[in-house]
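Take a moment with the sequence and the 3D view before reading on. Then follow the paragraphs one stop at a time.

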Amino acid sequence: SLRAIVIGSGVAGLASAVRLVLQGIEVTVFEKNNYPGGKLSHFEMNGYHFDSGPSLFTQPENIEELFESAGENIYDYFEYAAVDVACKYFYEDGTKLTAYTNKEKFAKELAEKINEQPQNIQQYLQQSANLYNNIGTVFLNHSLHKKSSLFKAPLGKAVTTVRWNYLFGTLNSVNKASFTDERTVQLFNRYATYNGSNPYKAPGMLSLIPHLEYNQGTYYPKGGMISITNSLYQLALKKGIKFEFNRPVQRIINSEGKVKGVVVNNKNIPADIVVSNMDVYGTYKYLLNDNSKANQLLNQERSSSAFVFYWGINKTFDELGLHNIFFSKDYKAEFESLFAYKKFYNDPTVYINITAKCEPGIQAPTGKENWFVMVNAPANVGQDWKAYQQQYRATIIAKLNRLLQTDIEPLIESEQILDPVLIEERTASYMGSLYGTSSNSRIAAFLRHPNFTNKIKGLYFAGGSVHPGGGIPLCLKSAKIMSELVKEDIKKWRH
Ligand code: FAD
């Protein structure tokens with residue numbers, strides 16, 4: 001049978017391995033860390049549990065479909081449930097909004113608190129659904145880079161159903177045209193950060209993202225986000241996939257335009273198929289020694305990174321929920337600082353995730369809360385992150401004290417941090433970017449590296465830095481698209 005090697009066990013690496021083994025291919029995963037999951041990992045500190053990276057789970061159908069394809073019942077592996085509040089929002093002017101996932105309730109909340117017309121919300125979310133159903137599904141579920149798949153995808157029809165502004169305006173301009181209140185605009189501009197982009201530059205098309213939260217729903221996996229990694233890993237083991245941890249791949253071997261295997265521990269390991277789940281930049285630069293292609297990839301701006309404080313908080317806060325946002329006063333200036341100046345910004349938007357809200361006494365000791373406190377940070381270009389750490393910490397504490405009328409500092413009884421350099425070190429994500437490249441141009445999404453290369457047959461790519469994009473749902477889709485390309489290629493090879 002054919003042999004495949006998957007480089008990296010991020011969520012897309014795990015899903016890729018499963019999809020290939022289901023095609024009767026023998027699969028080995030090489031992972032440089034001593035744990036699976038890449039950015040989707042977990043740690044415990046003095047009784048507080050933390051998901052290190054992602055905290056928002058949408059579109060469970062991607063993972064459901066994977067388990068179904070594998071002939072397994074997903075509920076034997078993990079449980080998850082829809083939550084009824086997408087996020088709690090806090091503004092510097094004292095406004096507090098609860099974003100219910102129920103559209104009518106959400107529209108009512110905005111009408112009552114900030115006088116936004118309910119029909120504006122309803123129309124926007126309807127348009128968001130249309131965009132997703134007409135364009136999103138085509139774009140996100142197909143390779144786009146092969147004539148055959150483009151032909152199969154009804155893209156021509158999809159594009160004609162979209163209003164001009166969504167293709168040629170920015171997300172901010174679409175939102176400004178849709179809402180009367182600046183606070184609603186800011187709330188919906190925030191969705192650009194779901195793929196590490198700037199709403200003042202990214203295309204209006206990103207207004208399809210709220211569809212995932214308000215029309216489809218957001219979910220909480222029991223045990224936290226790590227349950228997603230654990231379930232994929234257990235599924236992979238059950239299907240007979242071999243894992244080699246602490247084994248960084250050093251090179252991808254290829255000759256005459258065909259992949260031959262990889263080098264691990266200075267030994268050649270043969271394979272017919274190699275899937276790289278490593279950041280595509282590093283794959284070209286370090287594993288293929290192709291500097292010119294690596295540099296070409298940098299023509300596209302990298303997505304933003306993050307600065308995270310993991311705090312064990314010796315108190316519970318009734319007004320907080322699972323997801324909370326404390327907005328900056330000047331959102332535009334914040335994004336300019338993030339992308340144009342790549343500097344510390346003195347009033348960052350603060351995100352707090354508290355899984356103890358869903359599992360009190362389990363995710364944190366009773367009467368306490370596990371706070372995952374994140375701000376968007378610029379991509380790593382060698383800033384003084386130690387100095388930034390002090391500055392972020394001080395400004396975050398001041399902002400929370402102001403907006404929650406509290407004194408946070410004495411409540412922090414345990415602390416760890418994650419900065420862009422650590423993200424880069426742990427997952428080989430170039431510049432510590434969370435989502436590979438940003439969508440800060442109209443065609444950026446179409447410029448992402450495809451899931452294959454014509455130059456080296458048998459080499460494929462899956463993960464947040466390639467098509468269709470970063471974040472858990474898209475990483476899972478990326479693995480599926482990749483495996484469909486493999487299936488078609490194998491048919492061709494056999495003929
Ligand atoms: P990664 O997780 O990047 O893993 C790649 C793996 O490859 C790593 O394990 C690495 O060690 C391994 N590797 C690299 N090079 C080699 C090599 N040469 N040999 C062997 N192994 C190698 N997404 C969401 O959907 N929702 C969120 O709320 C969200 N929030 C986030 C918050 C933070 C702080 C971070 C960091 C990310 C967040 N994301 C979120 C993004 C999401 O985590 C990623 O898009 C996704 O997990 C990336 O998965 P991946 O498969 O591309 O690989």
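Keep in mind that the model is predicted.

Three strands make it up, in the order β5-β9-β6. The sheet is open, and its pairing is antiparallel. Strands of a sheet pair through backbone hydrogen bonds, either parallel or antiparallel. Here β5 and β6 (80-83) stand at the edges. Each has a single partner strand, so one side of each is left without a neighbour in the sheet.

Now count the links. β6 is joined to β9 (residues 218-221) by four bridges. Tyr80 has Pro221 of β9 as its bridge partner. Val83 has Thr218 of β9 as its bridge partner.

Gln59 sits in the loop between β5 and α2. Its relative accessibility is 2%, and buried means under 20%, so Gln59 counts as buried. Gln59 also has a positive phi of about 50 degrees, although it is not a glycine. Most residues other than glycine have a negative phi, and most peptide bonds are trans.

Next comes helix α2 (residues 61-69). Which of its residues are buried? They are Asn62, Ile63, Leu66 and Phe67. Look down the axis of α2: these buried residues fall within an arc of 130 degrees, so they line one face of the helix. What covers them includes α1 (11-21), β5 (57-58), α11 (226-238) and α18 (472-494). After α2 comes Gly71, with a positive phi near 70 degrees.

Glu256 is found in the loop between β11 (249-255) and β12 (258-264). Its phi is positive too, about 50 degrees, and Glu256 is not a glycine. But is Glu256 buried or exposed? It is exposed, with a relative accessible area of 82%.

One peptide bond also deserves a look. The bond from His467 to Pro468 is cis, with omega near 0 degrees. Pro468 lies in the loop between β20 (459-461) and α18.

Turn to the ligand. How many residues surround it? There are 35, and the closest are Glu31, Lys39, Gly464, Gly471 and Ile472. Backbone atoms come within polar reach of ligand oxygen atoms. A backbone N or O atom of Gly471 lies 2.8 Å from one oxygen atom of the ligand. For Leu56, a polar backbone atom is 3.1 Å from an oxygen atom of the ligand. For Arg426, that distance is 3.5 Å.

Lys39 leads to the next stop. Among the residues that Lys39 touches is Ser433. Ser433 is in the loop between α16 (420-427) and α17 (444-447). Is Ser433 buried or exposed? Its relative accessibility is 0%, so Ser433 counts as buried. Leaving out residues up to four places away in sequence, Ser433 touches Lys39, Arg302, Ser303, Ser304 and Ser305. With Arg302 there is a polar contact between the two side chains, at 3.1 Å.

Asn102 lies in the loop between β8 (96-100) and α3 (103-114). At 37% relative accessibility, Asn102 counts as partly exposed. Asn102 and Val85 are 17 residues apart along the chain, and their C-alpha atoms are separated by 8.2 Å.

Finish with the cysteines. A disulfide is a covalent bond between the sulfur atoms of two cysteines. How many does the structure hold? It holds zero. The surroundings of the two can be set side by side. Cys87 is buried, with a relative accessible area of 1%. Cys358 is partly exposed, with a relative accessible area of 33%.

Notes:
Residues are numbered from 1 along each chain as its sequence is written. This is a predicted model: local features need pLDDT of at least 70, side-chain atom pairs count only at pLDDT 80 or more; totals for chains, interfaces and linings use all residues. Side-chain values use heavy atoms; hydrogens and water are left out. Buried means under 20% relative accessible area, exposed over 50%, partly exposed in between (1.4 Å probe, protein chains only). Helices (H or I, at least four residues) and strands (E, at least two) are DSSP runs, numbered from the N terminus. The arc is that of the directions from the helix axis to the C-beta atoms. Contact means heavy atoms within 4.5 Å. Two strands pair if DSSP finds at least two bridges between them. A polar contact is a pair of N or O atoms within 3.5 Å; within protein, one must be able to donate a hydrogen and the other to accept it, and residues adjacent in sequence count only if both atoms are side-chain atoms. A disulfide is a pair of cysteine sulfur atoms within 2.5 Å. A residue is near a molecule or strand if one of its heavy atoms lies within 4 Å of it.
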